[in-house]
2 protein chains.
Amino acid sequence: MKLLLIEDDIDITNNLKLLLKENNYEFDNAYNITEGINKLSNNYDLIILDISLPDGNGFSFYKNHLLAKNIPVVFLTAKDDEDDIVNGLELGAEDYITKPFSSKELLARIKRILLKKEKNKIIEIEDIKFDLEKMKVTKNNKEVKLTSLELKILYLFFTNLNKVITRESIIENIWNWTGNDVNDNTVTVYLKRIREKLGDNIIITVKGIGYRVDYEK
Amino acid sequence: MKLLLIEDDIDITNNLKLLLKENNYEFDNAYNITEGINKLSNNYDLIILDISLPDGNGFSFYKNHLLAKNIPVVFLTAKDDEDDIVNGLELGAEDYITKPFSSKELLARIKRILLKKEKNKIIEIEDIKFDLEKMKVTKNNKEVKLTSLELKILYLFFTNLNKVITRESIIENIWNWTGNDVNDNTVTVYLKRIREKLGDNIIITVKGIGYRVDYEK
DNA sequence: TCTTTTTTGTCATTTAGATGTCACATATGT
DNA sequence: ACATATGTGACATCTAAATGACAAAAAAGA
């Protein structure tokens with residue numbers, strides 16, 4: 001698990017670095033927002049974010065860069081102003097901790113968040129298992145060879161379980177960013193191919209709307 | 001959203017009751033574990049749980065009765081012993097707050113938890129359940145197969161509960177954007193078909209005006 | 001390089017089921 | 001009772017999705 005701390009206080013940074021490395025997390029840090037933005041491409045599992053930073057405000061950084069990416073965030077700040085806490089949590093932060101904080105508590109709160117992610121790394125539906133990290137799919141524990149597009153489409157479903165996904169949305173996610181548009185029926189054909197490999201029942205057709213993969217936990 | 005507070009302190013109970021009712025949550029409380037167990041059948045959306053209770057320990061109550069049910073829990077306790085916090089969070093609690101606490105913060109933390117639940121919103125009216133994300137309807141927990149237009153019309157009602165929807169408004173929402181106009185009676189026929197599948201009582205006719213689906217929360 | 005295999009995107013066709021309208025029946029308010 | 005609004009069953013037509021087959025493009029092997 002890779003964590004990023006964005007915080008300008010050197011003492012706090014060093015303490016957390018020690019604490020988190022001790023607990024087998026990969027740790028990285030940034031002293032300001034600009035530096036933080038540059039590091040974002042490293043796909044962190046969680047970001048600990050100070051609110052008042054030398055070159056800007058943690059809240060707006062969160063809104064502009066993290067919210068859409070779906071990266072869990074813990075705000076960490078000296079401002080124990082109630083409204084700030086409310087603000088942070090309402091924005092969608094996973095947790096909010098005020099300085100001075102207990103290392104043990106911070107650690108416990110981080111663990112709580114990461115535990116959920118951990119659980120989702122391999123999703124199991126009926127006889128199908130999808131390992132999201134390895135990007136590997138098995139049926140009855142036997143690897144299923146999916147082509148790269150089939151895999152991407154299936155990934156879309158497995159990261160949006162229980163949600164209807166429209167044909168348009170699939171096109172947008174899989175093809176659009178490439179520029180060249182694709183026939184509407186193409187999606188249908190891909191769904192058919194995936195079903196051939198995984199069985200007919202895993203992807204549910206919602207007529208007139210789209211498709212869906214259900215996950216009953 | 002229905003909350004249950006299990007706490008033996010009467011002052012705290014009254015304060016929270018006020019706070020939460022003010023914020024449109026259904027509130028219920030128990031003064032001890034035995035009482036709490038008896039109330040569990042009410043299917044609460046979240047439980048706020050004190051740790052030291054007159055007839056037992058909150059942690060073991062959580063382990064024995066709540067963990068399997070998957071009800072989110074916020075521990076609320078005077079013991080701000082670090083180890084307790086770690087303990088609580090590691091058990092799987094959604095959050096942990098120590099007394100004395102700020103009402104605003106508690107509220108924000110509760111909201112964070114419930115917001116996630118909200119996302120897979122399922123509206124339940126009598127024996128009918130409509131899962132808005134899955135776009136799936138059940139009656140007595142058995143899936144009802146609706147056609148795409150039937151589903152869209154029903155969706156319109158379920159996202160406009162307690163409001164009369166005129167025939168024109170239905171046509172506008174379901175057909176108009178397609179360009180080709182549709183006979184007035186068509187709506188009636190669709191309503192009839194939906195009623196055939198879901199029962200006559202769910203969609204109420206408001207003579208001379210339109211139709212309505214009622215939701216008493 | 002050239003050859004072979006796999007992937008990709010598009011057709012045309014099939015199919016089950018959805019759709020829209022009619023003519024008539026029934027219910028409701030005054 | 002009357003007028004009007006709403007409900008109903010039957011019907012012809014239409015459509016979304018599934019499918020099998022194919023050529024172009026890309027990737028893998030030789």
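Two strands are taken to pair if DSSP finds at least two bridges between them. In this predicted model, strand 9 of chain A and strand 10 of chain A, the latter spanning residues 136-139, meet that criterion with four bridges in the antiparallel sense. Within this pairing, A:Phe130 has A:Val137 of strand 10 as its bridge partner, and the hairpin that the two strands form holds four residues between them, with A:Met135 in the turn adopting a positive phi of about 55°.

Strand 9 of chain A, residues 128-131, is also joined by four bridges to strand 8 of chain A, residues 122-125, and these two run antiparallel. Here A:Ile125 is bridged to A:Ile128 of strand 9, while the hairpin has two residues between its strands and A:Glu126 takes a positive phi near 50°.

DNA strand D is surrounded by 22 residues, of which the closest are A:Arg167, A:Arg195, A:Tyr211, B:Arg195 and B:Tyr211. Of the atoms of DNA strand D that come within 4 Å of the protein, 68% belong to sugar and phosphate.

The elements giving two or more residues to the surface near DNA strand D are helix 8 (184-198) of chain A and helix 8 (184-198) of chain B, and helix 8 of chain B provides the largest share, six residues. By class, that surface has nine charged, eight polar and five nonpolar residues.

How values were computed:
Residues are numbered from 1 along each chain as its sequence is written. Chains are lettered from A and ligands numbered from 1 in the order in which they are written. This is a predicted model: local features need pLDDT of at least 70, side-chain atom pairs count only at pLDDT 80 or more; totals for chains, interfaces and linings use all residues. Side-chain values use heavy atoms; hydrogens and water are left out. A residue is near a molecule or strand if one of its heavy atoms lies within 4 Å of it. Ala, Val, Leu, Ile, Met, Phe, Trp, Tyr, Cys and Pro count as nonpolar, Asp, Glu, Lys and Arg as charged, and the others, Gly among them, as polar.
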